[in-house]
Amino acid sequence: MGERDKLHTGDLYLPNDPDVIEEQLGYMELLYDYNQTRPREQERRQALLRRMLAEVGEECWIEPPFHANWGGRHVHFGKGVYANYGLTLVDDTHIYVGDYTMFGPHVTVATAGHPILPELREKQYQYNMPVRIGRNCWIGAGAIILPGVTIGDDTVVGAGSVVTRDLPEGVVAVGNPCRVLRPVGERDRQFYFRDRPVRL
């Protein structure tokens, strides 16, 4: 089995393998083009996203600058996904994001890790574990989601949180490490921010 074949197995592999790097650089060229688009070039951005990402639903938007190890090649977006400035997707393996999920500024989603054992790190070994983020989630500014994590539908991750473990659906979770603070509940139907009532 070659190094390229290990990207999606969770096995240790060498990311500096020449064949891996050559393929990766091809996808990074598209990402470079995306980040050089001008604000009015919205159609061009959409066309580039369709070429860059593994899957992209209708009405998705990623504000440049956008950073991704494989240029988004292993990223699967449902419809209506929005990402604010500075999204970083360490997409060495697959990242799945459900419909209508939103990312605040400077969120990092990482699928790649390195062994704790120093001798293995010295040889530059890496492993990749997929990340799954459910439908209609809100990932707050500066949050970090680590390899192998699954986040359930309708969950809110507070700004600056570090998500090291799976989160269930329908909760507000915050902190480092990120923990469930409370369920999404009746008060959230009445108030959208502190004591400000929902009036649509």
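Modeller: We may begin with the packing of helices, for which one definition is needed: an axis is a line fitted to C-alpha atoms, and the angle between two axes runs from 0 to 180 degrees between N-to-C directions. Please keep in mind that this is a predicted model.

Colleague: At what angle do helix H1 and helix H2 pack, and how far apart are their axes?

Modeller: Helix H1 covers residues 18-35 and helix H2 covers residues 42-52; they pack at an angle of about 160°, and their axes are 10 Å apart. Angles over 145 degrees count as roughly antiparallel. H1 and H2 are therefore roughly antiparallel to each other. As for handedness, the crossing in which H1 passes H2 is left-handed.

Colleague: Which residues of H1 and H2 meet?

Modeller: From H1 come Leu 30, Leu 31, Asp 33 and Tyr 34, and they meet Arg 44, Arg 45, Leu 48, Leu 49, Arg 51 and Met 52 of H2. Of the residues in this contact, six are nonpolar and four are charged, while none is polar.

Colleague: How should I read burial along a helix? Which residues of H2 are buried?

Modeller: Burial is judged by relative accessible area: under 20% is buried and over 50% is exposed, with partly exposed in between. In H2 the buried residues are Arg 45, Gln 46, Leu 48, Leu 49 and Met 52. Viewed down the axis of H2, they fall within an arc of 165°, so they line one face of the helix. Glu 43, Arg 50 and Arg 51, on the other side of H2, are exposed.

Colleague: What covers the buried residues of H2?

Modeller: The cover includes H1, together with strand E1 (55-56) and strand E2 (61-62).

Colleague: May we turn to a single residue? Is Leu 7 buried or exposed?

Modeller: Leu 7, which is found in the segment before H1, has a relative accessible area of 0% and is therefore buried. Sequence separation and spatial separation should be read side by side: Leu 7 and His 74 are 67 residues apart in sequence and 10 Å apart in space, C-alpha to C-alpha.

Colleague: I have been told to look at the peptide bonds as well. Which peptide bond ending at Pro 65 is cis, and what is its omega?

Modeller: The bond from Pro 64 to Pro 65 is cis, with omega near 0°. Pro 65 lies in the loop between E2 and strand E3 (67-68). A cis peptide bond also joins Asn 176 and Pro 177, where omega is about 0°. Pro 177 belongs to the loop between strand E18 (171-174) and strand E19 (179-183).

Colleague: What is the phi of His 106, and where does this residue lie?

Modeller: His 106 has a phi near 60°, a positive value in a residue other than glycine. The loop between strand E8 (102-103) and strand E9 (108-110) holds His 106, and at a relative accessible area of 53% the residue is exposed. Asn 136 likewise is not a glycine and has a positive phi of about 60°. Asn 136 is found in the loop between strand E12 (131-133) and strand E13 (138-139), and with 38% relative accessibility it counts as partly exposed.

Colleague: Is Cys 137 buried or exposed?

Modeller: Cys 137 also has its place in the loop between E12 and E13, but at 2% relative accessibility it counts as buried. Not counting residues up to four places away in sequence, Cys 137 touches several residues, among them Tyr 100, Met 102, Ile 151 and Asp 153.

Colleague: Where is Asp 153, and what does it touch?

Modeller: Asp 153 is in the loop between strand E15 (150-151) and strand E16 (156-157). Its relative accessible area of 33% makes it partly exposed. With residues up to four places away left out, it touches Gly 134, Arg 135, Cys 137, Glu 169 and Gly 170. The C-alpha atoms of Asp 153 and Gly 134 are separated by 4.3 Å, although the two are 19 residues apart along the chain.

Methods. Residues numbered from 1 in each chain as written. Predicted model: local features only at pLDDT ≥ 70, side-chain atom pairs only at ≥ 80, totals over all residues. Heavy atoms only, no water. Helix = DSSP H or I, 4+ residues; strand = E, 2+ residues; numbered from the N terminus. Parallel < 35°, antiparallel > 145°, perpendicular 65-115°, else oblique. Left-handed = near helix turned anticlockwise from the far one by under 90°. Contact = heavy atoms within 4.5 Å. Nonpolar A, V, L, I, M, F, W, Y, C, P; charged D, E, K, R; others polar. Buried < 20%, exposed > 50% of the residue type's maximum accessible area, 1.4 Å probe, protein only. Arc of directions from axis to C-beta.
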